[in-house]
Structures are given as C-alpha cells and as structure tokens.
Amino acid sequence: MASASEAKLNRVPSIQCSGVGVKFASADGQPIAILDNLDLRVESGKIVSLIGASGCGKSTLLRAIAGLQPIDSGSIDLDNKVDQPSTEKSRVEIGFVFQEPALLDWRNVWSNVALPFELGTSNGQPGKVLRAKIESLIESVALRPADYKKFPDQLSGGMKMRVALARALANDPTVLLFDEPFAALDDILRSQLNDLLLALWKNRSPTIVFVTHNIAEAIYVSHQIAVMSKGKISRLIDIDLPFPRASQVRSSSDFAAIYGDVSAALAEVAR
Amino acid sequence: MMKSKTLQVNFWDVVVPVLVLVGLLVLWQFSVQIFELPQLILPTPLAVAKAGLKEFKTLAVALLTTGAAALAALAACGIFGLLISLLFSQSAVLRRSFFPYVIFLQTVPIVAIAPLLILWSGVNFQTIVLVATIIGLFPVISNTTNGLLVVPKVQRELFRINRASRWQELWKLRLPSAIPAWALGLRISSGLVVIGAIVGEFFVGSSGQYDGLGSLIFLWQGRQYTAGLIAAVVATTILGLAFFGLTKLISNFLLNRWTRGRL
C-alpha cells in the first residue's frame, strides 16, 4: 500500500505547453486567437498562478490543460513518466475546481463528494474503504460530520466551495486546476481557503495551476506567477517567499515588493 | 400566537370563500324564484342538489370511471412522456425527425380525432385513456425534453472531468436535473387529461354503453335533464380539483426533493 502511494507521488506530472493555439470565431465569423503560440512549463509539484486581464485567455488555457477545450495547434503534455524501465505512461488524474461550486442540488454533502467514485470506469472499491475515503476527504476541507447530510441550499458560499474542493480531490489528482474558485467570496473566506489550498498541497503535493484576478492571492499561494496577455505568457515572476506560508507574510516587505512587481507587469501589458 | 395565526389563515383561505359560495347559491335560488325562470333553462340550486342526491350512485360511478381513465392517462403521460423525452435528449436526429409530430399532438383538435379513435379502437376504457393521453402528452414531452437538454455547462464539464460515460451523464445528471421539469409538465397535464377523458366519453356517450361523466352529460343533455346536467358539471369540477390537488402534492414533493427550493 505504502509503496503504491509512493509510486503515485513519483508520478506527479509536469505540464508542458508548447506553441498552443486556440481560435474562436468572432461575431462576424473572423477567427480570433484566444491562445497564440503559447509556451508554459509548470514543474512537477509546483503551484503556478495565471494572472491577467479579463479575456487574456487564462481560463481557456486552464480548460485546454484539463482537456475541456480542444486546441488548434501546439501540444500540451502532462508528463508523468518515471525514469524506470517498464513504466507505462499511466493516465493523469486531474481535479478541476470551477468558478462556481457546481454542486448537484439534489445530493447532500456526502454524496456530492462521493460523485467522482460513481463515474467513469469505477475501480469498485469496497464500501467500507470508500466510506473512510469520503470521510477523510470531507475532513480534509475542514467540514464536520454534522455537515454530511446537509444539502447545498443549506450551505454558505465558503462551505460550498469546500465541498467542491473535496470533490475535486476525490480521485487523488496529481494535477489540480483552479478557475478563479474564490472570486465570489469575501477577503476573510478567501484567505482561509488560500490556507486550506496550501495545506492540501502540502499533503499531496500535486502540480497546481491557479487562475485568479487577485494579485495578493496569486502571490500567497504560488511558486511562480505567469502574467498573461493577448493569448501569451508575457512574464514569469518567481515568488521567493518561504513555505509553509503564514498569513503574516502578507504584511512583509518582500510581499510588498513582489506585489509591486506583479502590478507593474500587469500595467505594462495593459498598455 | 401560532394558533391565532393559523386560525386567521383558515378564515381567509376557507371561511371567506365558503361564505361567498353560500351567498352566490342563495342569490341564484332567489333569482330563479323571483324571475320565475323555467326549470329547463336554469333549475334552482336546491333542484340541482336534489337531482344530485337522486342520481348519486350514477354520478359516483361516472366520476370514478372518468377519474380512473384520467388517472391512467396521467400515468401514461408521465411514463411515455419521460421515455420519449429521454430518447429525444439522446439523439438530435430523433428529436428533429419526430418533434414536429409531437407538436401535432398539441395542435390537433381532439374533438376532430376522438370519433376516429373510437371508430378504430372501440367503445371502451382504453379508447378514453388514449384520447386523454393524446391531449396530455405534449406538456410532459416538451417540458421534460427541455429539462434534459438545458443542464448547466459547468455540471456537464464536471462529469467530463470525471470521465463519466454518456449513460452516467444521463442517469446521474440529466435525469435528476429534469425531474422538476417533468413534474411541472405533469401538473399541466393533470387538467388536460380530465378534459380529454370527458371529451372522449362525450363521443362514446351516444352509444349508451359507457358510464363516464362525459357520456352522462351527453345523455342528460339529450333528455333536457338540466338539473342532472348541472349536478354532473359539479361532479366534473370536483374531479378536476381532486386531480389538481393530487398532482400538486406530488410535484411539490418532487420539486422540493430535487431542487431544494431552487425553483
């Protein structure tokens, strides 16, 4: 059991986007390049935030990585090869957290989290193992057993997002993709969920791509920020802040310096 | 506090409408007497009540017969409406080929085809159920197909990310999402199937071989038995209300279970 999970850890993929192009048809039928010959590499087990103005293509890139958006040119590789003989390139488990929680109204917390186990070619885990697994998922996002039977309409926005997070973690994803998940939440909830995200990353260290509008959030949760504009990565900024991150770091001078740097990069591409 | 509030609600919801009804009946009774209207045109409410009591057994049998046909038709609408909608949701080809004919169900005047159906299928319970089903099917198909198709994109993508098969998407996402739409479709149908059953019976009525409310209305109209006719209308109304209440109960339960107050 332990060796299997270690093997899994070894296979956290890097994400290699090379020359990725996506075109949409505009209203007058002219194709518009949403992603234009884009290159990006996310190292295995790292967190990269995509930041940029609305319409710069960050969500499209995320969806392309997830396989939800077909690409017109280039390639996206989720490379999980292990440098050992006889390794088959196994499929990569992807967890995706949408902008909205997208919970199923007719299912309670428990069975919303259980949903991924009912889909795909289920590997038929015995009920007892599955129950323990779902319990630990719900616990990992700091929800309580008292919440199991609650329906989405009985949950606050922050709690719904926690359920969505637990569900995204169900299949032990080695790649986690976030599409502005906390945009609708207030600052306090947002920073709580930022800490939760980092705690989850520390546990499993998946490769994470995190799309956000919020500069402070991007700095706080990432190893690197990719500033996007007009379908390209226009700048990569490394975040040299220590892990584990504590909220005091937000008021440090290093944080302020990076903040200034990212703002400047965004202002530059906006010009 | 709570108690007086319920009493208040009951007063406005029950007592006042009943008082209005009693007032209208009294007004009706006295106008007929004062203006000396002939019983053939407008019998007094008392005469209607007397006819209702006298024909109670006939009316009760008719009400149950029509009710059974309408109930069977409603069940048929629920089942076939759902099955047809499931097929439509899975194939654009099927949907495009057959939806125009489903609209035909809605637009065809039932009074025009009821005699044909009776001719083909005979004077029997099944024919009445068929007529009522034809009239009640469209709202169920239309609502449910729509409900199956308009699932939010983000939920479909959630299923894609989790490698859901088409069958899993239908069974675990589209069908549960469409249940409220199905229930609302049935609620619309519940009134239509009662009308459909009575229209069907109206056409078989002349044969004297059928016991439904529609046939009774046809029969008593011929005999110019106006008091009985009005008693039969009251029975139809009771049946309609019972149907409305029943489907409202069921759909409220389904809506509450599947939308959790979203609608």
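Which hand does the crossing of α3(A) and α5(A) have? Keep that in mind while you set up the view, and remember that you are looking at a predicted model.

**Stop 1: two helices in chain A**

Select residues 109-118 of chain A for α3 and residues 157-168 of chain A for α5. Turn the view until you can follow both axes: the helices pack at about 30 degrees, with the axes 8 Å apart. An angle under 35 degrees counts as roughly parallel, so that is the label for α3(A) and α5(A). As for the opening question, the crossing is right-handed.

Now show side chains. From α3(A), pick V109(A), N112(A), V113(A) and P116(A); their partners in α5(A) are V163(A), A166(A) and R167(A). Sorted by class, the residues of this contact come out as 5 nonpolar, 1 polar and 1 charged.

**Stop 2: across to chain B**

E118(A) belongs to α3 of chain A and K172(B) to helix α8 of chain B, so the pair joins two chains. Side chains of opposite charge can pair when their charged atoms come close.

For another bridge, select R63(A) and E157(B): their side chains meet in a salt bridge with an N to O distance of 2.6 Å. Between chain A and chain B the count is 3 salt bridges, while a search over all chains of the whole structure gives 14.

Zoom out to take in the whole interface. How many residues of chain A are in contact with chain B? There are 27, and they touch 21 residues of chain B. Together the two chains bury about 2200 Å², with 55% of that on carbon and sulfur atoms.

**Stop 3: the end of α8 in chain B**

α5(B) passes α8(B) in a right-handed crossing.

For the side chains, show I110(B), V111(B), A114(B), P115(B) and I118(B) on α5(B), then V199(B), G200(B), F203(B) and V204(B) on α8(B). This contact has 8 nonpolar residues, 1 polar residue and no charged ones.

**Stop 4: another helix pair in chain B**

Move on to α9(B), residues 213-222, and α10(B), residues 226-259. Are they roughly parallel or roughly antiparallel? The axes come within 9 Å and cross at roughly 165 degrees, so α9(B) and α10(B) are roughly antiparallel. Their crossing is left-handed.

On the α9(B) side, show L213(B), I217(B), W220(B) and Q221(B); on the α10(B) side, show G228(B), L229(B), A232(B), A235(B), T236(B) and L239(B). The class count here is 7 nonpolar and 3 polar, with no charged residues.

**Stop 5**

Hide the side chains and head back to chain A. Most residues other than glycine have a negative phi, and most peptide bonds are trans. Two spots are worth a click with that in mind.

First, select S205(A), in the loop between α6 (187-204) and β7 (207-212) of chain A. S205(A) is not a glycine, yet its phi is positive, at about 35 degrees.

Then select F243(A) and P244(A). The peptide bond joining them is cis, with omega about -5 degrees. P244(A) sits in the loop between β9 (232-238) and α8 (253-270) of chain A.

Note on methods. Residues are numbered from 1 along each chain as its sequence is written. Chains are lettered from A and ligands numbered from 1 in the order in which they are written. This is a predicted model: local features need pLDDT of at least 70, side-chain atom pairs count only at pLDDT 80 or more; totals for chains, interfaces and linings use all residues. Side-chain values use heavy atoms; hydrogens and water are left out. A crossing is left-handed if the near helix is turned anticlockwise from the far one by less than a right angle, and right-handed if clockwise. Helices (H or I, at least four residues) and strands (E, at least two) are DSSP runs, numbered from the N terminus. Contact means heavy atoms within 4.5 Å. Ala, Val, Leu, Ile, Met, Phe, Trp, Tyr, Cys and Pro count as nonpolar, Asp, Glu, Lys and Arg as charged, and the others, Gly among them, as polar. Buried area is the accessible area (1.4 Å probe) that two parts lose on being put together, summed over both. A salt bridge is a side-chain nitrogen of Lys or Arg within 4 Å of a carboxyl oxygen of Asp or Glu. Axes are lines fitted to C-alpha atoms, for helices over the stretch in contact, and angles run from 0 to 180 degrees between N-to-C directions. Angles under 35 degrees count as roughly parallel, over 145 as roughly antiparallel, 65 to 115 as roughly perpendicular and the rest as oblique.
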